[in-house]
Amino acid sequence: MQIDKNIEEKVARFFENQPENMGTTLGINYLIISRDKMVAEMSVDSRTIQPFGVLHGGASVTLAETLCSLGAWFNISDTKTAVGIEIN
């Protein structure tokens, strides 16, 4: 995993304190974490497919929402939080 040096401490705190959540359940694997760029991968498997065997759109949205929320959070002060509440 490639982590921006300027936010290493905040990233470490996030992973140390991260509770079980949708991202961990779906197996999101972070590849690049920085203030400017978030990259991750997610397997297409029984956790992320439709009954017809193709990637579920909700899983794709989960990946996008997770990366955007974390990317925003890594750019704000520790006294604030950033979460997505809607995808359009």
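Leaving aside neighbours within four places in sequence, L55 is in contact with M42, V44, T48, I49, Q50 and S60, contact meaning heavy atoms within 4.5 Å. The structure is a predicted model, in which local features need pLDDT of at least 70 and side-chain atom pairs count only at pLDDT 80 or more, whereas totals for chains, interfaces and linings use all residues. Residues are numbered from 1 along each chain as its sequence is written, and side-chain values use heavy atoms, with hydrogens and water left out.

L55 is found in the loop between β3 and α3, where V44 also has its place; helices (H or I, at least four residues) and strands (E, at least two) are DSSP runs numbered from the N terminus. The relative accessible area of L55 is 34%, which makes this residue partly exposed, while V44 is exposed at 53%. On this scale, buried means under 20% relative accessible area, exposed over 50% and partly exposed in between (1.4 Å probe, protein chains only). Together with I49, these two residues make a nonpolar surface patch of about 220 Å². The C-alpha atoms of L55 and D45, 10 residues apart along the chain, are separated by 8.1 Å.

The chain has 3 helices and 3 strands, arranged along the sequence as β-α-α-β-β-α. Of its 88 residues, 31% count as buried.

Among the buried residues of α3 are A59, L63, L67, L70 and W73. The buried residues of this helix pack against α1 (8–17), α2 (22–26), β2 (29–33) and β3 (38–41).

The largest nonpolar core has 17 residues, of which Y30, I33, M38 and F74 touch the most other members. Such a core is a set of buried Ala, Val, Leu, Ile, Met, Phe, Trp, Tyr and Cys residues joined through side-chain atoms within 4.5 Å. At least two residues of this core come from each of α1, β2, β3 and α3, and α3 gives the most, with 5 residues. Not counting residues up to four places away in sequence, I33 touches M1, Q2, I3, D4, I7, V11, F15, M38 and F74.

Terms used. Patch = residues over 30% accessible without salt bridge, like charges linked within 9 Å, V, L, I, M, F, W, Y side chains within 5 Å. Areas by Shrake-Rupley, 256 points an atom, 1.4 Å probe, with all protein chains shown as cover. Salt bridge = Lys/Arg side-chain N within 4 Å of Asp/Glu carboxyl O.
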